[in-house]
Amino acid sequence: MPPDTVSPLSNPRLAALDNLANLATRPGADDIRALFAADPARAAQFTVSLDDLSIDFSKTSITAEVLAALHGLARSSSLNLFRDRLFDGAAVNATEGRAAMHMALRDGPQAGFTAVLPGGRDNASQIASAELARMHAFVSAVHEGIIRSTTGAVFTHVLAIGIGGSDLGPAMVSEALTMAHGARLDVRYISNVDGTYFAAATRGLDPATTLIVVASKTFVTQETAENARAARAWLTASLGEAAVAQHFVALSTNAPAVAAFGIPVERMFGFRDWVGGRFSLWSPVGLSIALAAGWDKFADLLRGAAAMDSHFRSAPFAVNLPVLLALVGIWHTHAWGCRTHCVLAYDDRLRRFPAFLQQLEMESNGKSTGLDGLPVPHATCPVLFGEPGTNAQHSFMQLVHQGTQMIPVDFILAANPDHDRPEAHRILAAHAFAQSEALLRGKSLTEVEQEMAAKGASATEIAAIAPHRVFPGNRPSVTILQARLDAFSLGRLIALYEHKVAVQGWLWGINSFDQWGVELGKALASSLLPDLNPGAEDGAHDGSTSALIRRFRSLRGET
């Protein structure tokens, strides 16, 4: 770590976190209703905006004093220096000695971003722009029918194979950008190695009109490699081995493995080690997005993210959307002990957004070891879940309203729909706002009793039923509102959460850009696989795993 950078694990940072916890112990510190009673216009003070995008965090227990303490945490952690180092291309991924310069993918060569790699430094902006230009040329050629299948047919479908960051982001964005008006090409995503998934994804597809895109940095990720082999067999069974070179595209950095598979170098699009998997949809990993939605929308997606990058990089922390969203989350996690967080997008085009955020947030900040190599002495990332509104209102929102734990909620809504049913959109918006208001207001026992009595309920019925209809209220939420959901605003929204995650990781004193926790299970799966073969000897496993392997083989008749 550079000598001019204060460690986020310093005593001032821990003292600032302790101060937040102390503020939460004050009598009435969780009474959000009282804050509105004292200041009905508090939304004006606790709403921040960037053009048409606003974040209203007034329905939380944050006061001016709490907000000052949160900014004190940012100062004591030298968040400004971390932000500078992030955009300067420093090795903020300390355990791997790499930059996290995905921002270079969305701001053109003029940005001048450079990035640290083990053993050197890249001109990130020029490298990213050159690869994006290759992508643009390829996508245009496919859409214009210049690049065709081995039979001469125009491609109509894409089979996109990947997992994790090579699947969740592209699949989410493709669906969001094509649901309303259709796709240029029909893209089907395959991530799960379950053969049922592959069979369903390829059902009804014609190999002669299907382009197959394999996204894997190493090109040896077990699940992706197996699905790529299955796709190869599916294609060649119909069109022969010669079709592989014409129908496959690789998004990878492993040129030898790609060549061995039979994919020519001009069909390989690469990206550098300063692009992490869960931050990679802006890179060639997003090729399937451009094939589905068109290059113009992909370019708008990049522009929207770049707009948020510029805001995050330059805006004072007092009006900085990613910083404030991160600080609100830390207030709930650290001061109030919230271990879960809910995201409700009131737009069906964003139905996979919570799944995308699950990887972005929990893989980034699901850490218990600090940057100093010692155990982190406080909570870090909460468990994230979500569904589209209004569906969630008829499932898990019961728990959020009346359960025993406080679960902060992010409500996401666009003011203008992308369809011709304005009344339906008003109903949707009414539900979004009503849910946040209900979480705030709740309903007291006295209110329930009076309401039941007014409807003629007997005293006996009121005594028996009223307690079950009480809502505690004072449950926090944030509302993110923008004019519309299009490619630009979606890119901006995703980048908002990307930067929020990086800020929280730094303030918690952890590395948001590695993911060692996913490696152990992958390594064990590879070593365990031979033990599942018929007649295999028991491997060196714990007693439960060995018994499960034997029972698995028995159920298959392979003892």
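**View 1. Arg-469 and its salt bridge to Glu-451.** Arg-469 counts as partly exposed because its relative accessibility is 33%. Buried means under 20% relative accessible area, exposed over 50%, and partly exposed in between (1.4 Å probe, protein chains only). The Arg-469 side chain meets that of Glu-451 in a salt bridge, at 3.0 Å from N to O. A salt bridge here is a side-chain nitrogen of Lys or Arg within 4 Å of a carboxyl oxygen of Asp or Glu. Glu-451 sits in helix 18 (residues 445-454) and Arg-469 in the loop between helix 19 (459-465) and strand 13 (477-484), so the pair ties together parts 18 residues apart in sequence. Helices (H or I, at least four residues) and strands (E, at least two) are DSSP runs, numbered from the N terminus. Glu-451 is partly exposed, at 27% relative accessibility.

The model is predicted: local features need pLDDT of at least 70, side-chain atom pairs count only at pLDDT 80 or more, and totals for chains, interfaces and linings use all residues. Residues are numbered from 1 along each chain as its sequence is written, and side-chain values use heavy atoms, with hydrogens and water left out.

**View 2. Arg-272 and Asp-122 form a salt bridge.** Their closest N and O atoms are 2.6 Å apart. Arg-272 lies in the loop between strand 9 (268-269) and helix 12 (287-293), and Asp-122 in strand 4 (residues 120-122), so the bridge links parts 150 residues apart in sequence. Arg-272 is partly exposed at 35% relative accessibility. Asp-122 is buried at 8%.

**View 3. Glu-558 pairs with Arg-556.** Their side chains meet in a salt bridge of 3.1 Å, N to O. Glu-558 is buried, with a relative accessible area of 18%. Elsewhere, salt bridges that share partners join Glu-96, Arg-98, Lys-217 and Asp-273 into one network. The structure holds 24 salt bridges.

**View 4. Strand 13 pairs with strand 2 and with strand 12.** Two strands pair if DSSP finds at least two bridges between them. Strand 2 (residues 53-56) runs antiparallel to strand 13, over 3 bridges. Strand 12 (residues 409-416) runs parallel to strand 13, joined by 7 bridges. Ile-480 of strand 13 is the bridge partner of Ile-55 and of Ile-412.

**View 5. His-499 in helix 20 (residues 487-508).** His-499 is buried, at 1% relative accessibility. Leaving aside residues up to four places away in sequence, His-499 touches Phe-87, Met-103, Arg-106, Met-308, Asp-309, Phe-312 and Pro-322. Contact means heavy atoms within 4.5 Å.
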